[in-house]
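Here are some exercises to work through with the model open in your viewer. Try each task before you read its solution.

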Amino acid sequence: MSASTIKAPPIGARRKPGELGDKIFQWMCVGAGGFVLILLGAIIVTLFLGGLPAFERFGAEFIWGTIWDPVEGQEEFGAGVAILGTVTSSVLAIIFAVPVAFGIAFFLTELSPPWLKRPIGTAIELLAAVPSIIYGMWGLFVVVPFVQMHIQFAFGDQLAAIPLIGFLFQSTNFAGTSLFSASIVLAIMILPFIAATMRDVFDQVPPVYKESAYGLGATRWEVMTGVVIPYTRISVVGGIMLGLGRALGETMAVTFVIGNANRIATSLFDSTTTIASVIAMEFPESLTGSLQQSALFAIGFLLFVISFFVLALSRYLLRPRLK
Amino acid sequence: MSTTTATIMASRNIEQQRSLGRRRKFVDKLVMYFCLTATVVGLFFLLSIMGTLLWRGLIALDLIVLTQEFQPTRYGDDSLPKGGLIHAIVGSLIQTSIATAIGTPIGLLVGTYLSEYAGKSKFGYAVRFISDILLSAPSVLIGLFIYQLVVLPQGGFSGFAGALALAIIVIPVVVRTTEDMLQLIPNTLREAVVALGAPKWKMITLVAWRAAISGIMTGILLAFARIMGETAPLLLTSFGNNILSTDLSRAMASLPVSIYQQANSGFPDLIDIAWSGALLVTLGVLFINIIARVALRKRA
């Protein structure tokens with residue numbers, strides 16, 4: 001055994017150690033990434049194919065038709081009411097939630113003493129972790145009676161007497177389960193998402209900018225409107241869009257409190273329905289392969305398209321923040 | 001003459017400035033109080049939810065609820081047996097565990113791809129984008145998807161279909177945290193490992209994953225907590241069941257679906273049981289969330 005008997009392996013003849021493992025691992029990672037793309041594509045295609053019979057039967061009218069009649073023999077389906085209910089309840093929720101979320105974010109970034117920031121921030125984040133069915137039960141048990149007794153009964157007549165916009169409060173539905181209750185519950189659900197995004201983007205404003213404004217004698221509110229908001233407004237809109245996307249697809253909480261009636265709500269206190277709650281209410285009871293089931297797939301497809309665009313917009317606006 | 005005018009002008013100016021200053025301070029104060037109120041309102045909602053859950057949930061919560069299966073309403077007749085939620089608790093644990101077991105490896109690999117391989121490639125951008133869309137996509141639609149894909153061909157609702165639907169919800173949560181946590185690892189660590197001659201896959205699995213383990217675990221815990229409370233997708237896939245069943249090929253109960261069904265039953269005794277189930281789910285979800293946050297904080 002002398003040194004000369006050991007031959008160095010010819011360069012290039014043997015693979016580098018780990019090269020095969022590298023290839024396998026890389027392909028596993030890339031494959032998993034591809035799987036996610038296929039998954040989303042498959043969801044869209046499946047929903048569309050499921051809804052195809054309804055689309056073929058009712059054509060484009062399905063989108064704005066307002067009749068939803070699953071009774072056999074006279075079946076007719078239109079998504080108009082559900083789409084309108086989904087959009088109005090979500091937009092109202094945004095209108096209620098944004099000022100409060102802004103207040104919380106402002107408090108957490110500028111006003112709160114440092115020792116209080118973390119507990120309050122965590123509490124707000126926990127609000128986001130509460131399951132939606134809990135919001136539904138709580139909404140039915142707390143929000144609905146409150147709306148019924150302390151808003152609709154107490155102020156309904158006075159509000160309805162306001163010229164021009166009075167009809168918004170005029171309703172013959174006194175059950176409390178209404179568009180208004182649903183918007184309130186949705187607003188509370190999306191509040192933590194919007195507040196957390198706002199807090200994160202407000203925190204990213206370089207302190208130097210704020211300090212120079214304070215140095216000129218600006219008040220905290222002036223620093224907010226003059227420096228922080230102009231610097232972060234695109235991300236703030238992105239955060240609001242994220243909340244809107246969440247609200248559009250919310251199912252269980254809305255199902256409990258909106259009243260589930262296929263009627264266009266002309267008043268805040270009318271009951272109506274949303275796409276997601278129609279699916280949750282009717283799908284488990286629909287017959288396999290029936291036109292009703294296909295119509296439910298079809299409105300599911302429409303919901304997917306709507307929330308895809310809102311979420312994509314949110315993602316695009318928040319992009320500068322996300323690396 | 002001119003000096004007096006100037007003095008009058010100056011004093012008026014000071015007067016104006018003072019009133020402007022007062023107004024600015026007043027507006028500032030007003031906004032501060034508004035923000036304080038907003039925060040108190042936000043916290044009040046959390047307290048109200050927890051308070052309502054404890055108040056209503058403790059009425060029916062006892063050992064029977066935790067150990068017995070569903071029983072029909074007693075109509076106020078106390079001689080009839082009281083029902084429980086054990087079938088739903090077991091069903092929920094089975095489905096969420098399987099979902100986490102399926103979703104985690106996929107999410108972990110996708111997150112690893114985005115952090116270690118994707119770079120600035122178009123494919124990587126698309127994967128990140130789609131994963132973020134899935135993160136917020138309406139969960140009821142995932143239920144519809146699995147219904148069409150699994151329930152229809154199998155010919156019936158099944159616990160397995162429920163687990164698959166939940167797994168799809170797990171994936172994007174794990175992707176997000178895995179990528180974020182791997183990004184936090186300093187590049188010098190990766191370079192040191194590669195400089196020793198280790199192949200990249202060993203660098204990732206033995207060093208990068210290990211360095212990010214507590215963050216990744218947090219993501220998995222958060223995903224687990226999130227699917228514990230999911231109702232809508234399960235309603236369309238595993239549907240619910242009134243007896244204790246561990247058969248994955250048949251309809252399976254779950255806590256959120258049982259809560260939903262009993263809460264809407266209209267019978268006061270069943271609604272009380274639904275509230276105790278709601279209390280159990282919420283305590284579980286919040287407990288896991290707090291654990292995950294504490295674990296993450298220790299690391300940071």
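A polar contact is a pair of N or O atoms within 3.5 Å; within protein, one atom must be able to donate a hydrogen and the other to accept it, and residues adjacent in sequence count only if both atoms are side-chain atoms. Keep in mind that this is a predicted model, where local features need pLDDT of at least 70, side-chain atom pairs count only at pLDDT 80 or more, and totals for chains, interfaces and linings use all residues. Residues are numbered from 1 along each chain as its sequence is written, chains are lettered from A and ligands numbered from 1 in the order in which they are written, and side-chain values use heavy atoms, with hydrogens and water left out.

**Exercise 1. Describe the interface of chain A and chain B.**

Step 1: get the extent. Contact means heavy atoms within 4.5 Å, and by that rule 83 residues of chain A touch 83 residues of chain B. The two chains bury about 7400 Å² between them, 79% of it on carbon and sulfur atoms. That is buried area, the accessible area (1.4 Å probe) that two parts lose on being put together, summed over both.

Step 2: look for polar links. The rule finds 11 residue pairs in polar contact across this interface, both residues at pLDDT 80 or more. Helix H1 (residues 19-58) of chain A gives the most to the side of chain A that touches chain B, with 20 residues; helices here are DSSP runs (H or I, at least four residues; strands are E, at least two), numbered from the N terminus. That side of chain A splits into 56 nonpolar, 18 polar and nine charged residues. For these classes, Ala, Val, Leu, Ile, Met, Phe, Trp, Tyr, Cys and Pro are nonpolar, Asp, Glu, Lys and Arg charged, and the others, Gly among them, polar.

Step 3: count the salt bridges (a side-chain nitrogen of Lys or Arg within 4 Å of a carboxyl oxygen of Asp or Glu). Between chain A and chain B there are four. One of them pairs Asp28(B) with Arg220(A), at 3.5 Å from N to O.

**Exercise 2. Which parts of chain B does UniProt call "transmembrane region"?**

Step 1: read the record. The unreviewed UniProt entry lists residues 30-55, 85-114, 126-150, 156-175, 207-228 and 273-296 of chain B. Positions follow the numbering used here, feature names are shortened, and annotations may be inferred rather than shown by experiment.

Step 2: compare with the model. Residues 85-114 of chain B are 97% helix and 0% strand, with end C-alpha atoms 41 Å apart. Residues 273-296 of chain B come out at 100% helix and 0% strand, and their end C-alpha atoms lie 35 Å apart.
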